[in-house]
Amino acid sequence: MDINAIVLAAGKGTRMNSDEPKCAHYIIDKTMVEYVVDSLIAAKIKEIITVVGYRREVIENILRGKSKFAYQEEQLGTAHAVLMAEEHLKGKEGLTLIAIGDMPFITKNTYSNLIASHIQSGSDLTILTTEHPNPYGYGRIIRDENEEVLEIVEEKDCTKKQRAITEINASIYVVDNLKLFEMIHEIKSNNNQHEYYLTDIVKIFKQRGFRVSGYKTSDYNEISGVNDKIQLMEMEEVLRNKIIRKHLANGVTIHSPQTVVIGPGVKLEPGVIIRPGSIIVENSEIKKNAIIGPYTEIKSSVVHQNAAVKFSRIKNSVIAENTNIGPYIDMVDNEIINNKRE
């Protein structure tokens, strides 16, 4: 079965107070939309269509070679954004996963499990949900006695009883592709914002007698989105700490970890020592017993076993075993093979 994805990434993100598109903002060493698309690729999605809008060329440059693109000239809501991908997917059998470009923490496993749940349940539409300790502001999932989803009710429309529901809509969907582009044309903009909301598709599917299910992920932090730079900072700090703890548990020594930044794609072998003020990003590899820092930046580079780099910047380079680099070396596109440590 073919599985495609639509990534919604057209917005400016007014509250970011930036000229950059919202989804183009970085968390450590990758933009938010890259995290999303890379997870979809890892989940073996066949084709990805990213819906771009404001400053489309920025997102297109970031995702070049990873995604096709659809253009939403005027932002008229999430359903309207999905509709822009119709030219790529109309008439195709299979499934479409709809993802959000500013939800960078959803893992490949969650996407894969959502798809598997959809297929196993025989549903026509499956919504990603989670139990949230503070559901205020989120759409609530209303289920029937058979645990099928009846509707999504937004916070402002909830009754007192519905506000007590803690299962919330993550705004991620898997849907039969043929039914998606048949039903999405029935969504209306008869609301205060005059926008076409994708959540309305649940009610439309139910009215047609289609089966709607929910797949509940256990980690509510995964579905965190970003609306401003304060939230961006908070998400980056959560990820930075998670990465540092992973490497500490695997036998890496990190001094003053509150001053150290390590990218999510970095590989550190046991015995590596990271000293204060160091930054290691962009799929760099540090081999066993190498020493990095203090105050060193390693980008897209390999530092081999027993090498040491201090007070320096290394980019697109390879540092050989037992090599001593620094202080105050700025190395780009180089390979050191015989500068032995004393």
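How many bridges join strand 1 to strand 6, and in which sense do the two run? I began my notes with this. I counted six bridges between strand 1 and strand 6 (residues 95-100), and the two run parallel. I keep in mind that this is a predicted model.

**Entry: strand 1 and its partners**

Asn 4 stands opposite Thr 96 in strand 6. Then I turned to strand 4 (residues 47-52). Five bridges join strand 4 to strand 1, again with a parallel run. Here I noted Leu 8, which stands opposite Val 51.

Next I asked how enclosed strand 1 is. Strand 1 covers residues 3-8, and six of the six are buried, so the rest of the structure largely encloses this strand. I checked the directions of the side chains too. Ile 3, Ala 5 and Val 7 point one way. Asn 4, Ile 6 and Leu 8 point the other way. Both sets are buried.

**Entry: salt bridges**

How many salt bridges does the structure hold? I found 24. I followed up some of them.

I took Lys 68 and Glu 47. Their closest N and O atoms are 2.5 Å apart, and the two form a salt bridge. Lys 68 sits in strand 5 (residues 68-71) and Glu 47 in strand 4, so the pair ties together parts that are 21 residues apart in sequence. Is Lys 68 buried or partly exposed? Its relative accessibility is 41%, so I list Lys 68 as partly exposed. Glu 47 has 12%, which puts Glu 47 among the buried residues, because buried means under 20%.

I moved on to Glu 167 and Arg 143. Their side chains meet in a salt bridge at 2.7 Å, N to O. Glu 167 belongs to strand 10 (residues 167-176) and Arg 143 to strand 8 (residues 140-143), so this pair links parts that are 24 residues apart in sequence. Both Glu 167 and Arg 143 are buried.

I also noted Lys 287 and Glu 285. Their salt bridge spans 3.1 Å, N to O. Glu 285 counts as partly exposed, at 25% relative accessibility. I then found a network of salt bridges that links Glu 20, Arg 55 and Glu 57.

**Entry: Arg 140**

I stayed with strand 8, where Arg 140 is found. Is Arg 140 buried or exposed? The relative accessible area is 2%, so Arg 140 is buried.

What does its side chain reach? I found the backbone oxygen of Arg 163 at 3.1 Å from the side chain of Arg 140. That side chain also reaches the backbone oxygen of Ile 165, at 2.9 Å. I listed the contacts of Arg 140 beyond four places in sequence. Among them are Pro 135, Glu 151, Val 153, Cys 158, Gln 162 and Ile 168. Glu 167, the salt-bridge partner of Arg 143, is also touched by Arg 140.

I checked the pairing of strand 13. Two bridges pair strand 13 with strand 16 (residues 279-281), in the parallel sense. For Ile 262, I found Ile 280 in strand 16 as the bridge partner.

Notes. Residues numbered from 1 in each chain as written. Predicted model: local features only at pLDDT ≥ 70, side-chain atom pairs only at ≥ 80, totals over all residues. Heavy atoms only, no water. Buried < 20%, exposed > 50% of the residue type's maximum accessible area, 1.4 Å probe, protein only. Helix = DSSP H or I, 4+ residues; strand = E, 2+ residues; numbered from the N terminus. Pairing = 2+ DSSP bridges. Salt bridge = Lys/Arg side-chain N within 4 Å of Asp/Glu carboxyl O. Polar contact = N/O pair within 3.5 Å; in protein donor to acceptor, adjacent residues only side chain to side chain. Contact = heavy atoms within 4.5 Å.
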